[in-house]
Amino acid sequence: MDTKEKALLMHEKYRGKISVNSKVKVKDKDSLSIAYTPGVAEPCRAIEKESRNIYKYTSKGNMVAVVTDGSAVLGLGDIGPDASLPVMEGKSILFKEFADVDAFPICVDSNDIDTIINTVKLIKSSFGGINLEDISAPRCFKIEERLKEELDIPVFHDDQHGTAIVVLAGLINSMRLLNKEIKDLEIVVNGAGAAGIAITKLLHNIGIKNIILCDSKGAIDRTRNDLNWIKKDMLNITNSQNEKGSLTEVIKNKDVFIGVSAPDVLTKDMINSMSDDPIIFALANPIPEIMPNLAKEAGAKIIATGRSDFPNQINNVLAFPGIFRGVLDAGSKEINNDMKIAAAKAIAEVIDNGDLKEDYIIPDPFDGKVTKAVSKAVYKIAKEI
């Protein structure tokens, strides 16, 4: 029986992956009167009197909404809210398993930006944080931006920032291993969707100045008249030399390729044209931009993918559980860039210098030290705000 068959059987057997479990036992009249009427009136009155008491007397402070419209599900595309529910259930159990954060899927039957925003705003009283998931670009940028402005709880689009944080952690450790300065890197990011944009922004925020962002037509440069608003905005922080042309042309002499794009778009010849000891993060799933064995044959020094069956998996589960654990514990109203950078450094530092290897620059997702390190680092930043 292969993985696909096992997955169908498991989902059918349990009718999904999540359930609601009570924290308290209702076994007699006394416990019923305390948990529900008339006793429940007291926390209601306390919250009405002081709204912050909701964190004291309810599950809000440990509850995250996993919100999607199903328009950009990894490897599946625009499958809609119904078909995306198994993925959102899966994300919810990862929150619980890795960080003891309660999470619940909210699949919105609309692609309209205002409808999604208003839906989240209307349900925000039940949740201490919002994890946006699998919403297509460029709408996802507007949705996150407005929700961050209009809500008083943390909002985090994991497809963007979770990926960016783990990529940064991988680059930090690559530089530790190669004894190079991360700020000196010249990087090509191939793929101008949610992940590519966020990766580029985060790398710029830590001081990397030479980044070229590419889409399916090649480098995003100032002469192109086919760019949407987010790609135009990215020109403020990328391609300072206004390099033009295809990926084949602009990758020459670059140090790092980061792909969040499509299968088989990177060739051995392209890697051969890069600088010495090139770093290849080929993160397209399930088929990367180049297979690791081919990248190695072409001279790649360090290779990462998004797959669990190869070394150096760039896996968002290294980031989002600990980040939400940290901000929820701190009572933070936001997840900012300082927290993202702190999370990336915490992930990287889980691996000691003596243990770093070309095929071990990213810790295992099941390393229990990761979530604790990330939550602690994020909590510290959150308490300083």
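A nonpolar surface patch here is made of residues with over 30% relative accessible area and no salt bridge, with nonpolar side chains joined within 5 Å. In this predicted model, Val24, Val26, Leu32 and Tyr36 make up such a patch.

**Surface patch**
- Taken together, Val24, Val26, Leu32 and Tyr36 have about 400 Å² of accessible area.
- Leu32 sits in helix α2, which runs over residues 29–35.
- Leu32 has a relative accessibility of 43%, so it counts as partly exposed.

**Nonpolar cores**
- The largest nonpolar core has 92 residues, and the members touching the most others are Ile130, Leu171, Ile258 and Phe281.
- Helix α8 is the top contributor to this core, giving nine residues.
- A separate core of 19 residues lies apart from that one, and its members include Ile212, Ile251, Ile280 and Ala282.
- Setting aside neighbours within four places in sequence, Ile258 is in contact with Leu171 and Phe281, and also with Val167, Ile187, Val188, Val189, Asn190, Ile199, Leu203 and Leu283.

**His161 in helix α8**
- His161 is found in helix α8, which covers residues 158–178.
- Buried or exposed? His161 is buried, because its relative accessible area is 9% and the cut-off for buried is under 20%.
- The side chains of His161 and Glu144 are joined by a polar contact of 2.8 Å.
- Not counting residues up to four places away in sequence, His161 touches Phe156, Ala198 and Lys340 as well as Glu144.

Notes: Residues are numbered from 1 along each chain as its sequence is written. This is a predicted model: local features need pLDDT of at least 70, side-chain atom pairs count only at pLDDT 80 or more; totals for chains, interfaces and linings use all residues. Side-chain values use heavy atoms; hydrogens and water are left out. Helices (H or I, at least four residues) and strands (E, at least two) are DSSP runs, numbered from the N terminus. Buried means under 20% relative accessible area, exposed over 50%, partly exposed in between (1.4 Å probe, protein chains only). A polar contact is a pair of N or O atoms within 3.5 Å; within protein, one must be able to donate a hydrogen and the other to accept it, and residues adjacent in sequence count only if both atoms are side-chain atoms. Contact means heavy atoms within 4.5 Å. Patches are made of residues with over 30% relative accessible area and no salt bridge: like charges are joined within 9 Å, nonpolar side chains (Val, Leu, Ile, Met, Phe, Trp, Tyr) within 5 Å. Accessible areas come from the Shrake-Rupley method with a 1.4 Å probe; for residues, only the protein chains shown count as cover. A salt bridge is a side-chain nitrogen of Lys or Arg within 4 Å of a carboxyl oxygen of Asp or Glu. A nonpolar core is a set of buried Ala, Val, Leu, Ile, Met, Phe, Trp, Tyr and Cys residues joined through side-chain atoms within 4.5 Å.
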